[in-house]
Every structure is written in structure tokens, then in C-alpha cells.
Amino acid sequence: MDLTLLYRGPLSSCDYDCPYCPFAKRRDSTAQLRADRAALERFTGWAADQHEDRLSVLFTPWGEGLVRSWYRRAMVELSHHEHVARVAIQTNLSCRTEWLAEADLDTLALWCTFHPGQTPYERFLGKTQELARQGVRFSVGVVGFPEHLPQARELRRALPSEVYLWVNAAEGRTYTDEEAAAWTAVDPLFPYSRHPHRSAGLPCRTGSSVVSVDGEGTVRRCHFVPAELGNLYDDSWRAALAPRACPLAVCDCHIGYVHLETLPLYDVFAGGVLERIPATPE
């Protein structure tokens, strides 16, 4: 079967201090880091053995994964398996980039977020230029706070036209039409992020062809619905896979609503759903 897995282990430490993030500058203990490494290696080993399935994997750590060697190694290893169609990760791009030379760049992709105030603009732009030179598939984005708009515009002008720059609506923020128009000029797809999407009772691919996995191997339909479908490592979850409607009133996160069948986003992002890269217009 074609299966997408959203993996989020126990890692919750980050090297940035974003005021809008509850995990800013959190430090994991040595024991916590060892547990995260063991959990990720167990998951990677499982994925490597699933030759009967075609897998796509998105790592969505609460913290920053690519500053940890085991996330870089997992990305490289999974990229070389023929049954892995895509392996991607959400990252602030603070890590070095030379390790990417070891990966299969037809499979690996990066979802990169620019955090103004946490890293100099020129340093972040330089990282994206390194990725472009290496031929890495990546998207870049920002959170839509008013103070981020000038640098978002500057970044859009500096990036190659083929690199998509997305904008996430700030959580809990209401945008006037004028504000929304300014962000839409940066990201034409911002209207999908502007408002939470009504999802109650609507069909969603999560729980059928898309699942969420935590560090213990617990499988849920997505990160936002706590009901368990089983455990990855005893195969109990497979019997629970089935088309199902969303039990939540709204879905306001891209990694959730992109899978709603009532939205056209699988066509918009065809070939790049996990890394948030729109399809190239014909």
C-alpha cells in the first residue's frame, strides 16, 4: 500500500527562542536525547524493512532535529531505500548542510522555516543558496506576523523563482483583507492558511493512507486526534486503517488540513505534499 507516516518522537529541544513557540530554547537531558535516538532508530529500522509498502515519511519534531546526528543519519538512510518515495523533515535550517551529499536527493526534501530575530537574514539566505547549489529539494516559509513581512518580502525577492515561499497564519490571529492581501502577494496560497478549515464530519485521508506515529510506536490518524489505532511494531494498527471523517470541529495546521479530501491541496501540491512544494504548472 501507499502510506504516509508523520513521525514525532520525544525530542522537544530547540536551539531557537521564538516567542510564539512553547519549545523555544528547551533543553532535553542526556537521557531524553538517548531515548529519542533509540526511538528514531527503531522507527527507521521498521521503515527500512517495509518492502511490501511504498512509504513517504515526514519528520515533524517539536524541537530541531537536524542538529542531531541521528536525524541526519535517518534522512540519509531512508532516502536510499527503493520503497521510500519521499523522506522530509521540518527544520529551521540551523544545521550544517554538507551531510546532504550522502543522500539520494531524488527522495530527500526539506521543509525550512525562517525565524526572523533568531538567525540573521543573510545567514539563512546563505543556507538556502547552499541547498540550491547542492540540488536539494526544499521549500521555505515564515509565520505571518506583521513584523516578519519586510524580511519575507526580501526573502521572496532573493530566492529563485522555483523555490516556493509559504506563509503560515499566526495561531489565533485574525487578518484583515488588507493584511491578507499583503501576505498573499508573498505566498499566493496564503488564503488556505488564513482561516481554520471546518473539518467536522468531512472525509480526510488521515487514518486511511496517512497516519501519525510517536516515539513509542503508537499510531494515531494524525497529530491532532488522540484516539489510538494500534502500535506500529506489533502491526495492530493495520486492521484499523479505513476511510473516516474528521472528529474535530476545525483543522488549522497545514500538516493536518492538507489531507482533507474536501480541499484541492493534493492537486495543488502534487508530488510535494510532505515538503510543501506546489506542483509545477504545466
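Student: Within what distance do the axes of helix H1 and H2 come, and at what angle do they cross?

Tutor: Ground rules before the number: this is a predicted model, with pLDDT of at least 70 needed for local features and 80 or more for side-chain atom pairs, while totals for chains, interfaces and linings use all residues. Numbering starts from 1 along each chain as its sequence is written, and side-chain values use heavy atoms, leaving out hydrogens and water. Now, the axes of H1 (residues 30-48) and H2 come within 10 Å and cross at roughly 5 degrees. Axes here are lines fitted to C-alpha atoms, for helices over the stretch in contact, with angles from 0 to 180 degrees between N-to-C directions. Helices (H or I, at least four residues) and strands (E, at least two) are DSSP runs numbered from the N terminus.

Student: Why are H1 and H2 called roughly parallel?

Tutor: Roughly parallel is under 35 degrees, roughly antiparallel over 145, roughly perpendicular 65 to 115, and the rest oblique. The crossing is at roughly 5 degrees, and therefore H1 and H2 are roughly parallel to each other.

Student: Which residues of H1 and H2 meet?

Tutor: Contact means heavy atoms within 4.5 Å. On the H1 side you have Leu33, Asp36, Arg37, Leu40, Glu41, Thr44, Ala47 and Ala48, and they meet Trp70, Tyr71, Arg73, Ala74, Glu77 and Leu78 in H2. Sorted by class, that contact has eight nonpolar, one polar and five charged residues. (Nonpolar is Ala, Val, Leu, Ile, Met, Phe, Trp, Tyr, Cys and Pro; charged is Asp, Glu, Lys and Arg; the others, Gly among them, are polar.)

Student: At what angle do the axes of H3 and H4 cross?

Tutor: Helix H3 (residues 121-134) and helix H4 (residues 149-158) cross at roughly 30 degrees, and their axes come within 11 Å. That value makes H3 roughly parallel to H4. H3 brings Tyr121, Phe124 and Leu125 to the contact, and H4 brings Gln151, Glu154, Leu155 and Ala158. The class count for H3 with H4 is five nonpolar, one polar and one charged.

Student: On to the rings: how many aromatic pairs does a search of the whole structure find?

Tutor: Eleven aromatic pairs turn up. Rings of Phe, Tyr and Trp (its six-membered ring) pair if their centres lie within 6.5 Å; planes under 30 degrees apart are stacked, over 60 edge-to-face, and the rest tilted.

Student: What makes the pair of phenylalanine 59 and tyrosine 71 edge-to-face?

Tutor: The centres are 6.2 Å apart and the planes sit at 90 degrees, which is the edge-to-face case. Phenylalanine 59 lies in strand E2 (residues 54-59) and tyrosine 71 in helix H2 (residues 69-79), so the pair ties together parts twelve residues apart in sequence. Both phenylalanine 59 and tyrosine 71 are buried. Ring pairs also link them with Tyr7, Phe43, Trp46 and Trp237 into a cluster.

Student: And why is the pair of phenylalanine 114 and tyrosine 121 edge-to-face?

Tutor: Their ring centres are 6.1 Å apart and the planes are at 70 degrees, so this pair is edge-to-face. Phenylalanine 114 and tyrosine 121 are both buried.

Student: How do you know that glutamine 90 counts as buried?

Tutor: Buried means under 20% relative accessible area, exposed over 50%, and partly exposed in between (1.4 Å probe, protein chains only). Glutamine 90 has 18%, so it counts as buried. This residue is in strand E3 (residues 84-91). Leaving out residues up to four places away in sequence, glutamine 90 touches Leu58, Phe59, Thr60, Pro61, Glu64, Trp111 and Ile255.

Student: What makes histidine 195 partly exposed?

Tutor: Its relative accessibility is 46%, so histidine 195 counts as partly exposed. You'll find it in the loop between H6 and strand E7 (197-198).

Student: What is the phi of leucine 93?

Tutor: About 65 degrees, a positive value although leucine 93 is not a glycine. Most residues other than glycine have a negative phi. Leucine 93 is in the loop between E3 and strand E4 (108-113), and at 3% relative accessibility it counts as buried. Arginine 276 also isn't a glycine, and its phi is positive at about 60 degrees. This arginine is in the segment after helix H8 (265-268), and its relative accessible area of 2% makes it buried.
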